[in-house]
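Try each task before you read its solution.

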Amino acid sequence: MATSTPAGLEPAVAAGDDPRQFAAVLHAVYDAAMAGDKPPARPRQVISDSWDRVLDAGVDPDHGSLRNRIGTAEVASRRSESGLHAVLDELTRGLDAVIADGDNILVVADAHGHVLWRSGANRVLHRADRLGFVEGACWAEDAVGTNAIGTALQSGRAVQVFSAEHFVRTHHTWTCAGAPIRNPRTGSVLGVVDVSGPAATIHPTTLALVDTVARLAESQLRDHHRRVLDQLRSVAAPILARTAGPAIAVDTDGWVAAVESVAPRSRLTIPRQLHPGRTHLTDLGECDVEPLPGGWLIRVADADRPSRRTRVSIDSDDAGTLIRVSGAAGSWTHRPSPRHDEILRVLAAHPGGLSAAALSTSLFGVDDRTITVRAEISRLRRRFGGLLAANPYRFSDGVDVHLG
């Protein structure tokens with residue numbers, strides 16, 4: 001039953017095969033597998049492995065589960081934080097031809113299988129609604145069984161699932177093809193791009209197209225990362241030139257933008273939660289850490305020199321608000337938007353931190369604008385990095401804030 005392409009992808013139905021005849025075989029295989037009988041043919045390995053995982057998870061083959069569905073506010077928050085928003089246009093353009101005829105829908109899900117975006121003709125979207133294939137729904141394998149989103153996340157590769165290859169019976173009238181999208185900085189999966197529609201719309205080239213679009217999105221993310229490193233380098237280079245002793249500038253994932261008196265390397269191992277101040281790093285030993293816009297300046301510590309705290313000054317001049325960030329190695333400035341200026345001043349006035357609801361109340365007079373708050377904080381942290389901490393939102397330890 002397995003077919004494959006030169007690219008190593010495995011479409012569910014080979015070119016030239018009759019999908020209706022193949023669907024009948026799949027139904028017989030599925031019924032035998034669910035009954036514990038010997039099937040008339042073997043399912044593809046990716047499907048067999050998925051069925052084993054789903055059976056172990058106890059998924060109901062008649063109904064699946066709608067558990068873990070998230071609400072509108074959480075969907076908006078995850079969209080902002082997923083890292084996928086930057087490539088959404090690329091995904092849409094690349095797959096527009098597949099959904100233009102109105103038979104398929106485009107879906108983008110996060111790394112947990114939650115549907116964040118979907119688009120397509122209303123008649124197909126309405127059919128998807130009846131399956132619970134809606135924004136906020138969880139399509140991980142342990143929620144709704146074998147499907148292109150959940151199985152792509154589990155297998156780590158592009159997958160096409162056709163008819164009775166789906167574990168839940170109500171999904172047998174559908175076909176779907178999904179491919180994971182990885183973060184080029186970390187290698188972790190950001191989410192899945194998926195094309196789904198009625199089973200009769202299956203085509204073997206859809207899998208290759210979806211996988212290609214996912215790879216193009218990753219390429220766009222790599223280009224964006226290079227631009228971020230270039231911007232970080234432009235700020236770090238003059239500071240490093242004035243720095244005495246070994247130092248290195250890295251982004252928040254440890255990718256190197258510039259070095260001074262340090263052996264060249266592409267990446268430095270840093271803790272996931274790094275804060276300004278003195279800390280021990282596996283690759284360099286004791287280091288003094290200072291925030292840079294979008295990253296860190298890390299200097300090998302001098303045991304005879306005490307660590308200096310980072311100072312953030314929020315001042316006003318004729319051009320508006322100016323943020324100056326100063327450390328032992330130098331300083332850099334940034335002019336925030338009026339909204340970001342307001343947020344920073346509120347956080348400065350509450351050193352103990354604020355929840356999203358409390359920050360919403362301070363900014364808008366109501367506590368239900370948390371979606372906007374989280375989105376703005378996410379943008380601020382991309383600029384200020386380690387200056388800001390979360391849960392609750394506040395300036396990080398090791399940072400002194402002064403309001404002018």
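The exercises below use a predicted model, and each one comes with a worked solution.

**Exercise 1.** Work out how helices α9 and α11 are oriented relative to each other, and which residues make the contact.

*Solution.* 
- Start with the axes: α9 (residues 338–349) and α11 (residues 370–384) come within 11 Å and cross at roughly 85°.
- Angles from 65 to 115 degrees count as roughly perpendicular, so that is the label for α9 and α11.
- Next, pick out the contact: α9 brings Arg 339, His 340, Ile 343, Leu 344 and Leu 347, while α11 brings Glu 376, Ile 377, Arg 379, Leu 380 and Phe 384.
- Sort these residues by type, and the α9–α11 contact splits into six nonpolar, one polar and three charged.

**Exercise 2.** How many disulfides does the whole structure have? Check Cys 176 as a test case.

*Solution.* 
- The search of the whole structure turns up zero disulfides.
- A disulfide needs two cysteine sulfur atoms within 2.5 Å.
- For Cys 176, the closest cysteine sulfur belongs to Cys 138 and sits 14 Å away, so a bond is out of reach.
- As for accessibility, Cys 176 is buried at 7% relative accessibility, and Cys 287 is buried too, at 0%.

**Exercise 3.** What is the strand order of the open five-stranded sheet, and which helix lies across β6, β7, β9 and β10?

*Solution.* 
- The order reads β7-β6-β10-β9-β8, with antiparallel pairing.
- At the edges are β7 (256–260) and β8 (277–281), each pairing on one side only.
- From one strand to the next, the twist averages 30°.
- Zoom in on β8 and β9 (residues 285–292): five bridges join these antiparallel strands, and Leu 281 stands opposite Gly 285 in β9.
- Finally, helix α8 (residues 204–241) lies across β6 (247–251), β7, β9 and β10 (295–300), at about 20° to β7.

Technical notes:
Residues are numbered from 1 along each chain as its sequence is written. This is a predicted model: local features need pLDDT of at least 70, side-chain atom pairs count only at pLDDT 80 or more; totals for chains, interfaces and linings use all residues. Side-chain values use heavy atoms; hydrogens and water are left out. Axes are lines fitted to C-alpha atoms, for helices over the stretch in contact, and angles run from 0 to 180 degrees between N-to-C directions. Helices (H or I, at least four residues) and strands (E, at least two) are DSSP runs, numbered from the N terminus. Angles under 35 degrees count as roughly parallel, over 145 as roughly antiparallel, 65 to 115 as roughly perpendicular and the rest as oblique. Contact means heavy atoms within 4.5 Å. Ala, Val, Leu, Ile, Met, Phe, Trp, Tyr, Cys and Pro count as nonpolar, Asp, Glu, Lys and Arg as charged, and the others, Gly among them, as polar. Buried means under 20% relative accessible area, exposed over 50%, partly exposed in between (1.4 Å probe, protein chains only). Two strands pair if DSSP finds at least two bridges between them.
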